[in-house]
Amino acid sequence: MAEGAATGLGRLQELTYELRVEQVMSSQVITVTPEDTMQYVKDLLRQHRISGTPVISASDGRLVGIVSVEDVIKAADSGSMRERVGRKMSSPVITVDAKEPLAEAIKKFARHKFGRLPVVDRGQLVGILTPGDIIARLLVTLERRYREEVARTAPHRVFEELSSDDTHLILRYLVEARDFTRAGDAATRLRRGLVLLGLDQEVVRRATVAAYEAEMNIVIHSVGGKLTGELRPERILIRATDDGPGIPDVERALEPGFTTAPDWIRELGFGAGMGLNNIRNCADEFRIESQVGVGTCVEAVLYLAPSEGSQVEG
Amino acid sequence: MKLDEVRRILEAEVVSGNYEGSVEAQAGCGADLLSDVLAFTHTGTLLLTGLVNPQVLVTAEVAGIVAVVFVRGKRPPAETVRQAEERNVPLLSTHYTMFEACGRLYAAGLVGCDRRSPPPRHVTSAWM
């Protein structure tokens, strides 16, 4: 690690040199032309809840100016809302280059106190950068790096280090029926837990794919249930249980492509009748039991390879 | 293949705030069926899809997808972008169709997820 990176501030500063403007900017830019009226700008700013917008030449797409909410207020005060943007905009424009380090943009913001900077690449407008974009991006990146660092220094081989005659760790998640905004939350949280425990990447992947398919089944088909990840030193057990309605013909439900999912589920990219098969393919052992009127229980067991140098009693 | 190269080949636009061009994609997968993504991809796979709903990102995180490319110029809704950033899966958008986008990447050396199929002759695969 480079010197100076030990402090949070040093790390943040390093990051502003590491990131390029194009990685931080918003590339969906709303623009106006010099021929538009200030009234049009006012409506546009309000509609998109933005405080300014670049002005682009209608003929060649060149950036010719910038118009902000302050210009609109001035125009309103002087009763010139029908005037063209070309006469009211600020020009020439201070811009920032897409390939420049973020630090350069931060310096420009500090120097000019602008609310936004148009981003150009070889003279063409490619995006817009606000101080808010910068803060959001820095926070996201710092958080991700922090998570990665936690994962790196995680208590690897935690099971071998915990001493007991029977160690098992249970992670249980409640799964609501038909709650599509949260579908996948349980599998995601389980996955992050397994990563934190330092388990092998491919095992984590198989376990969470099985968990996710099982969770989707609970969300789509059942009245609600639970997803459980039970960890032992030698294996992970993923168990999905629900409180009904149960599967009338389990053999049939296991056939690839057999589905009872409604069309709107299929439009989301699910419901192709592959879920149970996927679970089975991810698992070293697979069990399913179902009773109509009672519920369904699906279990997938994945064996954990003992890590080097460890001795796991079977 | 680095994401910067994917972006160049597909003339793709970055549509989320967590893009890092130096990240490597090990293989590619084109699918509009999320169960197929779960069944056939490996950790480090690049996903090309026409689906833009947030569930794509849950699937992507669970399957260890390295980045998602939306084809046919599709733009993701704000919730999808939010999820992408929260789950640290960068999003790209290309104007090419699914077929053409996959073809271009494959021709440039990005292998498929089926480890049995050989990559294009001039390419050394990460899976071989």
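Colleague: In what order do the three strands of the open sheet in chain A sit?
Modeller: Keep in mind that this is a predicted model. The sheet is open and its pairing is mixed. On its edges are S3 and S5 of chain A, each pairing on one side only. Reading across, the order is S3-S4-S5.

Colleague: Which way do S3(A) and S4(A) run, parallel or antiparallel?
Modeller: S3(A) covers residues 96–97 and S4(A) covers residues 117–121. Two bridges join them.

Colleague: Which residue in the turn between S4(A) and S5(A) has a positive phi?
Modeller: These two strands form a hairpin, with two residues between them. One residue in that turn has a phi of about 50°. That residue is A:Arg122.

Colleague: Zooming out a bit, what share of the residues in chain A is buried?
Modeller: Chain A holds 13 helices and ten strands. If you take its contacts between residues at least 6 apart in sequence, 60% join residues at least 24 apart. Out of 314 residues in the chain, the buried share is 29%.

Colleague: Okay, now where the chains meet: which element gives the most to the side of chain A that touches chain B?
Modeller: The contact takes 27 residues from chain A and 24 residues from chain B. On the chain A side, elements giving two or more residues include H2 (21–24), H7 (131–152) and H13 (275–282). By class, that side has eleven nonpolar, ten polar and six charged residues. With seven residues, the top contributor is H10(A).

Colleague: Are H9(A) and H3(B) roughly parallel or roughly antiparallel?
Modeller: Their axes are 10 Å apart, and the helices pack at an angle of about 25°. Angles under 35 degrees count as roughly parallel. So H9(A) and H3(B) are roughly parallel to each other.

Colleague: What is the handedness of the crossing of H9(A) and H3(B), left-handed or right-handed?
Modeller: You can find the spot by looking for A:Ala187, A:Thr188 and A:Arg191 on H9(A), which meet B:Val58, B:Glu61 and B:Val62 on H3(B). Those contact residues divide into three nonpolar, one polar and two charged. The crossing itself is left-handed.

Colleague: Last one: which residue follows H3(B)?
Modeller: H3(B) covers residues 55–63. The residue that follows has a positive phi, near 70°. That residue is B:Gly64.

Note on methods
Residues are numbered from 1 along each chain as its sequence is written. Chains are lettered from A and ligands numbered from 1 in the order in which they are written. This is a predicted model: local features need pLDDT of at least 70, side-chain atom pairs count only at pLDDT 80 or more; totals for chains, interfaces and linings use all residues. Two strands pair if DSSP finds at least two bridges between them. Helices (H or I, at least four residues) and strands (E, at least two) are DSSP runs, numbered from the N terminus. Two residues are in contact if their C-beta atoms, placed from the backbone, lie within 7 Å. Ala, Val, Leu, Ile, Met, Phe, Trp, Tyr, Cys and Pro count as nonpolar, Asp, Glu, Lys and Arg as charged, and the others, Gly among them, as polar. Axes are lines fitted to C-alpha atoms, for helices over the stretch in contact, and angles run from 0 to 180 degrees between N-to-C directions. Angles under 35 degrees count as roughly parallel, over 145 as roughly antiparallel, 65 to 115 as roughly perpendicular and the rest as oblique. A crossing is left-handed if the near helix is turned anticlockwise from the far one by less than a right angle, and right-handed if clockwise. A residue is buried if 20 or more other C-beta atoms lie within 10 Å of its own, exposed if 12 or fewer, and partly exposed in between; C-beta atoms are placed from the backbone.
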